[in-house]
Amino acid sequence: MTSALIVIDVQNDFCPGGALEVARGDQIVAPINQMIDEASLIILSQDWHPKNHTSFADNHEGSTPFDVIEMGYGSQTLWPSHCVMGTYGAEFHPLLNTSRANAIIRKGATPMIDSYSTFFENDRKTPTGLSGLLRERGAKSLTLVGLATDFCVAFSALDAISQGFDVNIPLHACRAIDNQGSLEDALRKLKLNGVRLT
Ligand SMILES: [Zn+2]
């Protein structure tokens with residue numbers, strides 16, 4: 001069974017000092033680099049938004065980060081502006097070993113829709129192309145690591161399960177935002193859906 005390592009959103013804006021920093025997000029770079037050294041199929045994902053992206057509180061008058069609004073595709077948490085395409089914040093952490101990556105999936109580039117998952121945008125319908133790439137490369141078993149456990153990693157894992165992949169999340173190589181119980185909620189859903197947490 002061929003396995004793939006999916007490294008999710010290890011970008012400057014999600015690391016300490018970034019626009020949407022995840023506490024101790026930079027601590028996972030070393031363990032992830034070790035996993036990259038040992039993996040044969042490596043996919044990196046990159047949150048990649050235009051300035052006018054709908055997930056930014058700045059683009060909704062009177063809103064502040066972490067407010068939740070209703071969009072056509074469901075609830076949307078509003079975030080500080082982050083990972084704006086082409087900026088330093090959107091670049092990978094400088095110590096992440098990107099040289100062995102087979103592919104980079106960029107997500108969240110459509111202004112009116114967010115994309116937590118690296119498989120589908122938040123409408124759960126628009127694919128990024130990752131499923132097809134993994135299938136054509138013969139991957140069946142996926143290891144997901146990165147930022148943040150309770151959003152982009154969790155949403156990606158649930159979509160991976162729905163796409164028929166076997167999913168493992170080594171939690172030492174992930175860090176969470178953990179806003180209002182979001183981590184506990186995510187871990188419960190992951191277990192319920194058959195994701196292996198190690
Ligand atoms: Zn984003």
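1. Let's start with the sheet. Strand β1 (residues 2-8) runs parallel to β2 and is joined to β2 by four bridges; strands count as paired when DSSP finds at least two bridges between them. Val7 has Leu44 as its bridge partner in β2. The element names come from DSSP runs, numbered from the N terminus: helices are H or I of at least four residues, strands E of at least two.

2. Two housekeeping notes. This is a predicted model, where local features need pLDDT of at least 70 and side-chain atom pairs count only at pLDDT 80 or more, while totals for chains, interfaces and linings use all residues. Residues are numbered from 1 along each chain as its sequence is written.

3. On to the other neighbour of β2: strand β5 (residues 103-107) pairs with β2 in the parallel sense, over five bridges. Leu44 turns up here too, with Ile104 as its bridge partner in β5. Strand β2 (residues 42-47) has six of its six residues buried. Buried means 20 or more other C-beta atoms within 10 Å of the residue's own, exposed means 12 or fewer, and partly exposed is in between, with C-beta atoms placed from the backbone. In a regular strand, side chains alternate between the two faces of the sheet. Both faces of β2 are covered, with Ile42, Leu44 and Gln46 on one side and Ile43, Ser45 and Asp47 on the other.

4. Now the core. The largest nonpolar core holds 47 residues, and those with the most contacts inside it are Val7, Leu144, Ala148, Val153 and Ala157. Such a core is a set of buried Ala, Val, Leu, Ile, Met, Phe, Trp, Tyr and Cys residues joined through C-beta atoms within 7 Å. Helix α3 gives the most to this core, eight residues.

5. Helix α3 deserves a look of its own. It is largely enclosed by the rest of the structure, because 12 of its 14 residues are buried. Those buried residues pack against β1, β6, β7, β8 and α4. The geometry checks out: at 1.5 Å a residue (times one less than the number of residues), α3 should span 20 Å, and its end C-alpha atoms are 18 Å apart, which agrees. Just after α3, Gly164 takes a positive phi of about 90°.

6. Ala157 is in helix α3 (residues 149-162) and counts as buried because it has 30 C-beta neighbours inside 10 Å. Leaving aside neighbours within four places in sequence, Ala157 is in contact (C-beta atoms, placed from the backbone, within 7 Å) with Leu144, Val167, Ile169, Leu190 and Val195.

7. Finally, some backbone spots to check. Most residues other than glycine have a negative phi, and most peptide bonds are trans. Leu147 and Ala148 are joined by a cis peptide bond, with omega about -15°; Ala148 sits in the loop between β6 and α3. Cys83, not a glycine, has a positive phi of about 45°, and is buried with 26 other C-beta atoms within 10 Å. Gln180, also not a glycine, has a positive phi of about 50°, but is exposed, with 11 other C-beta atoms within 10 Å.

Conventions:
Two residues are in contact if their C-beta atoms, placed from the backbone, lie within 7 Å.
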